[in-house]
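Have the sequence and the 3D view open as you read.

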Amino acid sequence: MSLFRQLTIHFETSAQLPPPYSYQYALTLSPAAELLHVDLKLSYTHRDELDPDEIEAEGFTDNDDYQWKGDLDKVWRAELEKLLTKTRLSGGIMLDDDQDFLTLDWQTERLSKGQPENLTDWHYFAQELLQAIYETSGKERAFELHILDVTAQGTVESTVTASFRTRSAQIKRVVDGGKSSLRFYPWHELPHLMEVLYAPNWLSDAASAQKPKRNGLYFNPGDELWYEYNKQIVEPGKGASTLPKLKNLVGKLLS
């Protein structure tokens with residue numbers, strides 16, 4: 001028996017997320033040879049409560065709704081089937097204004113509807129799928145992080161690239177602008193990297209558009225700006241200790 005003929009993920013952000021950020025979508029998935037065919041319909045919600053100027057002030061436009069149909073890499077078909085083998089739908093639906101809302105319409109020989117008992121796994125998988133769609137469709141670029149360590153002995157630059165389109169990540173390391181090496185980065189470690197990377201505050205107003213040359217540890221998270229550790233990347237509040245964790249992670253990425 002096939003694990004699925006068609007599967008639709010229904011998602012809506014929690015009531016705590018205000019417009020213009022709040023949104024909902026229906027994402028329908030179906031087998032397509034070895035690939036995964038997707039049909040996404042995403043719309044932003046409750047924007048009629050805001051003036052157009054308020055929406056634009058937050059970096060949005062008057063219409064950010066998004067639709068796309070197409071095929072994702074076969075790795076996403078495999079990941080979906082792996083998740084389905086661990087999934088059971090609960091009889092009831094849990095409603096919580098503090099939580100994002102997600103339900104499934106799961107079509108095999110029969111149609112089943114409900115919330116997955118492994119809800120956290122599905123929230124994360126759905127987020128990854130959205131990013132894969134954005135990259136495959138050309139709406140967004142792959143994640144790229146540049147780390148530059150400048151000392152009196154020379155420079156070491158590592159570039160972490162994570163492609164949701166192919167669900168793969170790699171690190172390119174360059175020493176003194178010449179000798180380079182390339183290695184794969186474990187995909188399952190990417191969430192931890194993101195968590196540690198964005199735990200501090202990033203002060204974009206003080207960041208530099210020029211690639212640094214003086215001694216220091218610098219980061220470019222793909223926004224064309226360079227942030228110096230402990231100057232434009234700072235603790236989010238008194239008593240926080242996010243910077244040592246970032247420094248420890250960076251040591252592994254630069255080595």
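## Aromatic pairs

Tyr66 and Tyr134 are both buried, with buried meaning under 20% relative accessible area, exposed over 50% and partly exposed in between (1.4 Å probe, protein chains only). This is a predicted model, where local features need pLDDT of at least 70 and side-chain atom pairs count only at pLDDT 80 or more, while totals for chains, interfaces and linings use all residues. Residues are numbered from 1 along each chain as its sequence is written, and side-chain values use heavy atoms, with hydrogens and water left out.

Rings of Phe, Tyr and Trp (its six-membered ring) pair if their centres lie within 6.5 Å; planes under 30 degrees apart are stacked, over 60 edge-to-face and the rest tilted. By that rule there are 13 aromatic pairs. One of them is Tyr66 with Tyr134, edge-to-face at 5.7 Å centre to centre and 75° between the planes. Tyr66 sits in strand E4 (residues 66-72) and Tyr134 in helix H3, so their pairing ties together parts 68 residues apart in sequence. Helices (H or I, at least four residues) and strands (E, at least two) are DSSP runs, numbered from the N terminus.

Phe164 and Trp187 are edge-to-face too, because their ring centres are 5.0 Å apart and their planes are at 80°. Both of these residues are buried. Elsewhere, Phe11, Tyr21, Tyr23, Tyr25, Tyr44 and Phe60 make up one aromatic cluster.

## The core

Now for the nonpolar core, meaning a set of buried Ala, Val, Leu, Ile, Met, Phe, Trp, Tyr and Cys residues joined through side-chain atoms within 4.5 Å. The largest one has 58 residues, and Leu7, Ile9, Trp122 and Phe219 have the most contacts inside it. Helix H3 (residues 119-137) supplies the largest share, nine residues.

## Two helices

How do H2 and H3 cross? The axes of helix H2 (residues 74-84) and H3 come within 12 Å and cross at roughly 170°. Axes here are lines fitted to C-alpha atoms, for helices over the stretch in contact, with angles from 0 to 180 degrees between N-to-C directions. That makes H2 roughly antiparallel to H3 (over 145 degrees; under 35 is roughly parallel, 65 to 115 roughly perpendicular, the rest oblique).

## A loop residue

Leu225 sits in the loop between strand E12 (216-220) and strand E13 (227-228). At 21% relative accessibility, Leu225 is partly exposed. Leaving aside neighbours within four places in sequence, Leu225 has contacts (heavy atoms within 4.5 Å) that include Ser204, Ala207 and Phe219.
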